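Dear colleague,

Please find below the structure that I am handing over to you, followed by a summary of what was found in it.

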Amino acid sequence: MIDLLLARTAVRPDDGVTRAAVGLPQGSPLSPLLADLALEHIDDRLRPAGFPVVRYSDDLVALARSSAEAWEAARVAAGAAEEIRMSLGADKTEVMSFADGFCFLGEDFGPRYPPAMDHRVEVPDRRTVYVGVAGSRVRIDDGRIIVEREEDRLLDVPAGLVARIVCFGPVGVSAGARNWALASGVDLVFCGQRGRYLGQTVTGHTARVHRLRAQLGRTAEPGCALAVGRAIVDAKVRKQVVVLQRLMRRESADVLAEAVHGMRGYAAMLPDSGTREEIMGLEGAAARSYFQAWRAILPAEFEFTGRNRRPPLDVVNSALSFGYAILVGEAVSALAAAGLDPAIGFLHADHDGRPSLALDLAEEFRPLVVDQIVLEAVRRNRLTVDHGRRDTEHPGVLLTRAGREVVIDAIERRMLTVTRGALPDFAGSLRRHLYRQAQTLAAIVEGTVTEYRGLTWR
């Protein structure tokens, strides 16, 4: 644990004259805010050296695998502090372990920590039902949603607890269930067996003609479309950088640091991009660097060589494609709720019947939600190579039923995770943040907001 001396308060020398030292007194309301800004420099030195960082204002923990590495982290932090004319608090800087236990910011850490973090999960009144068993059928009977295959009843829940139904592959929906969903404002989302988003019902009867005309005009306006497109890609790349920074370890730090450097370079070129093609080219270049760096993170048995799809060639790519399809379905629902047409986008071109605006909205949430949960599932051995199966009819790898359950459960839990500070004056689950960003796009269409602002994530 490392303590950083930000500043000194006023002092009274022997001559009795009070003089203020250089810097901001600790305890000032601005001190934590300025510390977050100034001490980012130290984070940027520790992460590429392979030391994950947890920092709140001027209190910092650098994680290491041994006592020797921990002292090396302290040396790196001390050097970084000196570069900005600061110093470590020697009396509070020490090496501690989970085995022996330690206290950080009043919280006790030990061998049984961390505890369950359920308090950060926002449990909604209604939940999403995912149906992925081939040959199954969704119907409604006596106010209950029933999923069954032949004689087997797979699910039986009160209809009032269902917010949306997502179907994967050959899954049937009865006429009664369809009519109930349309009348009750429950979305029916349909994806292919491989997880590719196909479409969904949009409920409600609202007067959208005026907004549709405005959306067509704003997305066709070069200045507006390019500005929104640059902001979306910039927000996505910044979150991809955070994913890599969080996973930097001593053995992979060089590879990941090089990827981060390249990705930041591509992001720096975005303001000069003058066409959609140039923006998407920079996004693609950053994505290649990002996913190539995953090879240094993932175990060799996953045979991950980079991002591939249609078909995905390994379990990780299959999980990513499956998760992205779920996310796009969420984005379509958020845009429909905001009164926008999901098919008319700012950045993605309108072709192949894809929901272009939903793809725009989903971009910055891909690393924040899907990439995060796939990497975590692999690292915690929840997702393994055994969760993939070779398709006998087409090339590529499909997730098994158990693999889909791992991804679905993790995404749903991630979308319910509560956060604050990602958007100004707003707090709530990541699903609520997705809906808020959809409302921002609607405000841009209406002309009441001039720029798209991505979520803050560190």
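Helices (H or I, at least four residues) and strands (E, at least two) are DSSP runs, numbered from the N terminus. By this rule, Val385 falls in the loop that joins helix H11 (365-379) to strand E15 (388-390).

This is a predicted model, in which local features need pLDDT of at least 70 and side-chain atom pairs count only at pLDDT 80 or more, while totals for chains, interfaces and linings use all residues. Residues are numbered from 1 along each chain as its sequence is written, and side-chain values use heavy atoms, with hydrogens and water left out.

Overall composition

The protein contains 13 helices and 18 strands. Of its 458 residues, 49% are buried, where buried means under 20% relative accessible area, exposed over 50%, and partly exposed in between (1.4 Å probe, protein chains only). The accessible surface amounts to about 23100 Å², and carbon and sulfur atoms hold 51% of that area; the areas come from the Shrake-Rupley method with a 1.4 Å probe, and for residues only the protein chains shown count as cover. Among contacts (heavy atoms within 4.5 Å) with a separation of 6 or more, 60% join residues 24 or more positions apart.

Val385 is partly exposed, with a relative accessibility of 34%. Beyond its neighbours within four places in sequence, Val385 contacts Glu301, Phe302 and Val315. Val385 and Glu301 are separated by 84 residues in sequence, yet their C-alpha atoms are 7.2 Å apart.

His387 belongs to the loop between H11 and E15 as well. Is His387 buried or exposed? His387 is buried, at a relative accessible area of 14%. Outside the four places on either side in sequence, the contacts of His387 include Val315, Arg382, Leu398 and Val406.

Helix H9

Helix H9 (residues 315-337) has 23 residues and spans 33 Å from first to last C-alpha, close to the expected 33 Å; the expected span is 1.5 Å times one less than the number of residues. H9 is largely enclosed by the rest of the structure, because 22 of its 23 residues are buried. At its start, a side-chain oxygen of Asp314 comes within 3.1 Å of the backbone nitrogen of Val316. Just after H9, Gly339 adopts a positive phi of about 85°.

Strand pairing

Two strands pair if DSSP finds at least two bridges between them. An open sheet of four strands runs in the order E7-E11-E13-E14, with mixed pairing. Strands E7 (127-131) and E14 (197-200) are at the edges with a single partner strand each, so one side of each has no neighbour in the sheet. E7 pairs with strand E11 (residues 162-168) in the parallel sense over five bridges, and Thr128 has Arg164 in E11 as its bridge partner.

Elsewhere, strands E2 (residues 53-56) and E3 (residues 59-62) pair in the antiparallel sense over four bridges. Val53 is bridged to Ala62 of E3. Two residues lie between the strands of this hairpin, and Ser57 takes a positive phi near 60°.

Yours sincerely

Methods:
A polar contact is a pair of N or O atoms within 3.5 Å; within protein, one must be able to donate a hydrogen and the other to accept it, and residues adjacent in sequence count only if both atoms are side-chain atoms.
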